Amino acid sequence: MDKFKKLGLHENVLKAIAESGFEKPTPIQEKAIPATMKGHDIIGQAQTGTGKTLAFAGVLLTKIEQSGDFPQAYILSPTRELSMQIYDELKKIGKYQNLRFVCVYGGSGIEKQIRDIKKGVDIVVGTPGRIMDLMRRKVLAFDHVDYVVLDEADEMLNMGFVEDIETILEATKDEHMTMLFSATMPEGIKKIAKQYMKKDFQHIEIKQKTRTALTIKQYYVEVKQKDRFEALCRLIDSETIQSGIIFCRTKKNVDEVTEMMQKANYNVEAMHGDLTQDYRIRTLKKFKEGTIQFLIATDVAARGIDVENVSHVINYELPQETDLYVHRIGRTGRANKEGIAYTIVCGKEEKYLKQIAGQTHSVIEKIDVPSLTAIRRHQLDDLLYELDTMIQQGKHKKYKDLVHQIDPSMLKDVTAALFELSMSYQIGYHYTKEKLEGAKRKKKADHGFTRLFLTIGSMDKIKKSHIVDFIISQTHIHKDDIQGIDIKKKFTFVNINNHMVERVIHKCAGKKLKNRTIDIEVANTR
């Protein structure tokens, strides 16, 4: 935490950061926070998952004093999912600051959002389209705003929000700070910087390492959040692992996973910065000697681990940045030996892992979580191997007289019962089902598309071509971004590219088609 303390953040913010388990700032945090604390406008260029949210949230939570009468900061993000993630991060890091936050986005009831704003708010997080709607309704004003954050700015430009962004920036008072975060630097961002940011703005770029060792085979499984720990156990129990390192993002999670695994009789120890140096040295020595099978570690603690015989690395949670992923899996596959890296992802993390694969030029293959049948088959093979080894070494001879006392007609039953007894001791985790179910996907919409609900149907003599022409004329999106039109009597479903959903809702709602005013929203919210 010493490096976080040097950044000048409020002591309450530092307290919340420490409780979240973060040990040191990421590169974008280390460079962006001091610049913005000094009042500079910045462009923070870094890949997704590098800790950009904390980079701007920490500054806002430090600089803003409670008012509640009007918003002092706006955080714009391209999608409702990202807006909600930012909102959750604000609540977590700002839990000791007496500030109020509201998250606003399309596809959800605007009236509730208006009521939340009128109760008093200091920071508003939301999508450009919904913020514009609230601005037109005079619910949100910009004349008192001191800070504007544009997160994933390149993605917002790709989604066609440039006009909304410019309108918001033009409406904001002259003396305000702009923080723009982006993975890339397209011309549109340069234009925004030139027109709306202070001339002395700082461009902070964090470059990523790109390659992983060719000797490492990389796999991932996708599960529900509640099944993350069981998935870890199933991966471990389904194959022979010489020694492995299991990575968590925070010290708190390292402790929790270590405790759960030890209760299930796995041979594991924790490794993180809160443990004494003497303990870490002794634990690492045992790990190198093979008396400990697994280390459960944070990224910082693992930097001191240099062990050639690590056969497996398991990412229990994804790291904050690509560099850390490369470093993690590099603990295996050393000295030209083959290594295996597993990653467990939940929900939106799968998209981030694919970005990591692209940045590192890696093939990360998706596999099924091992079934209970596969686990038992593997452990039976291990048992048979151990039995064969014991027989070869003659360790079984002292029990041969006991075997002769067994009734020959019962010998097969006794042997089978001994196998069952041994197998029950081998499985550490108490499995209750054959397979883990994957995360549920939205039905009736292809991957990458969201199903929308329109209040117009066949009774209005509408055809699919009318729907396509209407959406394109209002939004100027590509025809390929529209799929799966399903016209019912009084309403219609249509699948829209995820990147265009906010734009379609914003541009089409309230417009007329066949003399009918159209209402439009995400189908599964109705």
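## Close-up views of a predicted model

**View 1. Helix α19 gives the second largest pocket the largest share of its lining, 7 residues.** The model is predicted; local features need pLDDT of at least 70, side-chain atom pairs count only at pLDDT 80 or more, and totals for chains, interfaces and linings use all residues. Residues are numbered from 1 along each chain as its sequence is written, and side-chain values use heavy atoms, with hydrogens and water left out. The second largest pocket holds about 800 Å³ of space (a pocket is an open set of points on a 1 Å grid where a 1.4 Å probe fits, with protein on both sides within 12 Å along at least five of seven lines; lining residues have an atom within 4 Å of a point). Its lining comprises 18 residues, and L387, H396, V403, T415 and L418 are the closest of these to the pocket centre. At least two lining residues come from each of α17 (372-393), α18 (400-404) and α19 (411-426). By type, 13 residues of the lining are nonpolar, 3 are polar and 2 are charged.

**View 2. The whole chain, for orientation, has 21 helices and 20 strands** (DSSP runs of at least four residues, H or I, and at least two, E). Its C-alpha atoms fill a box of roughly 90 × 65 × 40 Å, taken along the principal axes. Of the 526 residues in the chain, 50% are buried (under 20% relative accessible area, 1.4 Å probe). Contacts (heavy atoms within 4.5 Å) in the chain between residues at least 6 apart in sequence join residues at least 24 apart in 76% of cases.

**View 3. N495 sits in strand β17, which spans residues 492-497.** N495 counts as buried because its relative accessibility is 4%. Its side chain makes a polar contact with the side chain of R451, at 3.3 Å (N or O atoms within 3.5 Å, one able to donate a hydrogen and the other to accept it).

**View 4. E321 belongs to the loop that joins β12 (312-315) to α15 (322-329).** With a relative accessible area of 6%, E321 is buried. S243 is 78 residues from E321 along the chain, and the C-alpha atoms of E321 and S243 are separated by 25 Å. The buried residues of α15 are T322, L324, Y325, V326, R328 and I329.

**View 5. Helix α16 (residues 349-359) has E350, Y352, L353, I356, A357 and Q359 as its buried residues.** Helix α15 returns here as part of what covers the buried residues of α16, and the cover also includes β8 (216-222), β13 (339-345) and β14 (364-366). After α16 comes H361, which has a positive phi, near 55°. An α-helix has 3.6 residues a turn, so residues three or four places apart point the same way.

**View 6. Q72 lies in the loop connecting α4 (52-63) with β2 (73-76).** Q72 has a relative accessibility of 9% and therefore counts as buried. When neighbours within four places in sequence are left aside, the residues in contact with Q72 are I64, E65, Q66, S67, D122, H144, V145, D146 and Y147.

Notes. Grid points are joined across faces, edges and corners, and a volume is the space filled by probe spheres set on the points. Ala, Val, Leu, Ile, Met, Phe, Trp, Tyr, Cys and Pro count as nonpolar, Asp, Glu, Lys and Arg as charged, and the others, Gly among them, as polar.
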